[in-house]
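Hello,

Here is the structure you will be working with. Please open it first; the notes on what was found follow below.

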Amino acid sequence: MTIVNEETHVVEIDHIDYKGNGQAVIWFENDKGFKPRKLKLTIPHTLKGESVQVVVDHPDKRRRKAMPIEILAASPERTDAPCPHFELCGGCVWQHWKYEGQLKHKTEQVKNALKREGLDPELVLDTIGMDDPWHYRNKMEFTFSPEGDIGLHEQGNFRKIIPLETCLIAGRNMVDGMLEVGEWVKEFGLKGYDKDAHDGLLRHLMVRESFATGEMMLALFATKTPDGELVSAVENLVERITKKFPNVKSLLWLVNTDWADRAQSEDTHLLAGRDFIYDEMAGYRYRLWFDTFFQTNPKQAQKLVDLALEMGKPKEDEKMIDLFCGVGTFSLPFAARVKELAGIEIVETSIESAKRNAIDNDLHNTTFLARDARRGLDEMHDYFGFADILLIDPPRGGAGGKVMRRIGRSKPKRIVYVSCSPDTFATDVAELLPFGYTLQTVQPVDLFPHTVHVECVAWLELEK
């Protein structure tokens with residue numbers, strides 16, 4: 001054990017935490033002769049096994065964030081981050097890590113989550129990555145600083161905005177649209193929203209792009225309506241966007257006066273085009289509004305759909321329930337392969353979208369219900385019947401024990417679980433084992449390169 005009492009230290013990175021930061025420990029002598037005190041350090045932009053010189057401010061606390069001064073012994077998996085904003089911007093945390101290393105770590109994340117629940121980690125396959133892990137996102141929410149700069153939050157600091165010149169995880173056309181709006185804001189001297197003073201005009205810019213159809217949406221969130229003193233500026237925005245970006249099929253102005261820092265709308269103004277764009281996945285067409293949840297990495301999302309179909313093995317004489325169905329991302333491909341499909345989702349606008357998407361794609365064997373998962377399952381069982389296949393794609397917090405036990409009691413032959421959180425996935429799956437289910441395969445898929453997030457598709461079968 002090394003005892004240190006200075007503010008500049010050399011440490012070895014022990015592991016990577018759940019936020020993607022390196023972790024290390026140092027020990028401090030106690031002036032009063034008591035035993036040494038342990039200090040846990042969080043050190044961003046470092047990798048396991050690296051020797052790093054760091055500066056620790058206020059070392060009188062048990063946990064501190066330390067900034068690396070110099071990498072003394074680098075990991076062989078370290079690489080140069082290509083983005084000029086990487087060390088400050090919170091958009092991604094692992095550009096300094098070779099992509100192969102990221103994928104290995106994500107596989108281990110999933111295996112460790114299964115181990116903690118007593119499940120077999122050998123069921124986890126290697127994470128499926130991307131051939132080109134850049135410019136993969138089809139949706140971004142940029143934020144305005146009080147000075148009118150547009151960018152993303154600083155890592156770990158939601159009060160500070162890092163102005164952007166580029167973004168290497170967003171689609172290229174989306175970046176161009178963001179920069180054009182940024183120039184417009186500066187040209188007209190418009191101010192961003194100050195979260196502390198609750199004052200200012202512009203809050204967010206949401207950009208959506210369909211990589212399949214090429215259609216794009218620009219949605220400005222502001223505290224005032226686009227009239228009165230803003231008429232001239234708004235007319236200029238419409239003219240420059242429609243002229244320079246003919247692929248923008250939806251230009252929106254959304255009023256949000258709420259103190260909560262969310263991209264929500266109290267009053268929607270259509271400036272140009274329609275209030276939605278078309279996207280496609282797995283051969284099916286979807287309408288996307290500004291608040292529609294849709295997979296943000298379309299190439300990898302296609303792999304999720306393909307894996308779900310492969311694991312679910314849908315048959316023409318079978319019934320299926322899609323729990324947390326959203327706008328029908330998985331519902332439509334499965335509906336084309338089963339006798340009947342029922343989708344359950346608590347967000348009413350998503351259910352309305354799912355119904356329209358089914359009609360648009362000439363699918364007439366679907367039923368969609370706007371309910372929470374527990375009540376929705378009970379109601380579906382009353383008039384739809386029990387499913388042969390159940391697909392579940394819950395939010396990051398998982399489905400929870402009550403929902404999983406309801407699923408277990410309803411005894412579908414096969415369950416396909418699509419997860420965006422390995423920890424809640426493992427907890428949920430463990431609830432099904434007493435009902436006679438066996439976990440067959442877990443396939444991680446990387447939808448968010450250079451971040452800590454990993455998706456999984458898994459298959460459970462009811463023992464005969």
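**Glutamine 295 and its surroundings**

Glutamine 295 touches Asn138, Met281, Ala301, Leu304, Asp393 and Leu447, not counting residues up to four places away in sequence. Contact here means heavy atoms within 4.5 Å. Glutamine 295 sits in the loop between β17 (284-288) and α4. Helices (H or I, at least four residues) and strands (E, at least two) are DSSP runs, numbered from the N terminus. With a relative accessible area of 6%, glutamine 295 is buried. The cut-offs are under 20% relative accessible area for buried, over 50% for exposed, and partly exposed in between (1.4 Å probe, protein chains only).

**What kind of model this is**

This is a predicted model, in which local features need pLDDT of at least 70, side-chain atom pairs count only at pLDDT 80 or more, and totals for chains, interfaces and linings use all residues. Residues are numbered from 1 along each chain as its sequence is written, and side-chain values use heavy atoms, with hydrogens and water left out.

pLDDT is the predictor's confidence in each residue, from 0 to 100. The protein averages 92. A pLDDT of at least 70 is reached by 96% of the residues. Residues 1-5 stay under 50. For that stretch the model has 14 contacts beyond four places in sequence.

Tryptophan 184 belongs to helix α2 (residues 172-187). Its relative accessible area is 0%, so tryptophan 184 is buried. Leaving aside neighbours within four places in sequence, tryptophan 184 is in contact with Leu190, Leu202, Leu220, Ala233, Val234, Asn236, Leu237, Arg240 and Trp253. Take leucine 237 from that list. Tryptophan 184 and leucine 237 are 53 residues apart in sequence, and 6.9 Å apart in space, C-alpha to C-alpha.

Phenylalanine 86 lies in a loop, between β8 (67-73) and α1 (99-116). Phenylalanine 86 is buried, at a relative accessible area of 5%. Outside four places in sequence, its contacts are His45, Ala81, Cys92, Val93, Trp94, Gln95, His96 and Gln155. Lysine 38 is 48 residues from phenylalanine 86 in sequence, and their C-alpha atoms are 31 Å apart.

**Two lysines with positive phi**

Lysine 313 has a phi near 50 degrees, a positive value in a residue other than glycine. Lysine 313 is in the loop between α4 (298-312) and β18 (319-323). Its relative accessible area is 38%, which makes lysine 313 partly exposed.

Lysine 411 is not a glycine either, yet its phi is positive, at about 60 degrees. Its loop runs between α8 and β22 (414-419). Lysine 411 counts as partly exposed, with 40% relative accessibility.

**Helix packing**

Two packed helices are described by the angle between their axes and the distance between the axes. Axes are lines fitted to C-alpha atoms, for helices over the stretch in contact, and angles run from 0 to 180 degrees between N-to-C directions.

Start with helix α7 (residues 373-383) and helix α8 (residues 401-410). They pack at an angle of about 20 degrees, with their axes 9 Å apart. α7 and α8 are therefore roughly parallel to each other. Angles under 35 degrees count as roughly parallel, over 145 as roughly antiparallel, 65 to 115 as roughly perpendicular and the rest as oblique. α7 passes α8 in a left-handed crossing. A crossing is left-handed if the near helix is turned anticlockwise from the far one by less than a right angle, and right-handed if clockwise. From α7, Ala373, Arg374, Leu377, Asp378 and His381 meet Lys402, Val403, Arg406, Ile407 and Ser410 of α8. The residues of this contact divide into four nonpolar, two polar and four charged. Ala, Val, Leu, Ile, Met, Phe, Trp, Tyr, Cys and Pro count as nonpolar, Asp, Glu, Lys and Arg as charged, and the others, Gly among them, as polar.

Next, α8 and α9. Their angle is about 40 degrees, and their axes are 8 Å apart. That makes α8 oblique to α9. The crossing of α8 and α9 is right-handed. Gly401, Met404, Arg405, Ile407 and Gly408 of α8 make the contact with Asp428, Glu431 and Leu432 of α9. By class, the contact of α8 with α9 has three nonpolar, two polar and three charged residues.

Best regards
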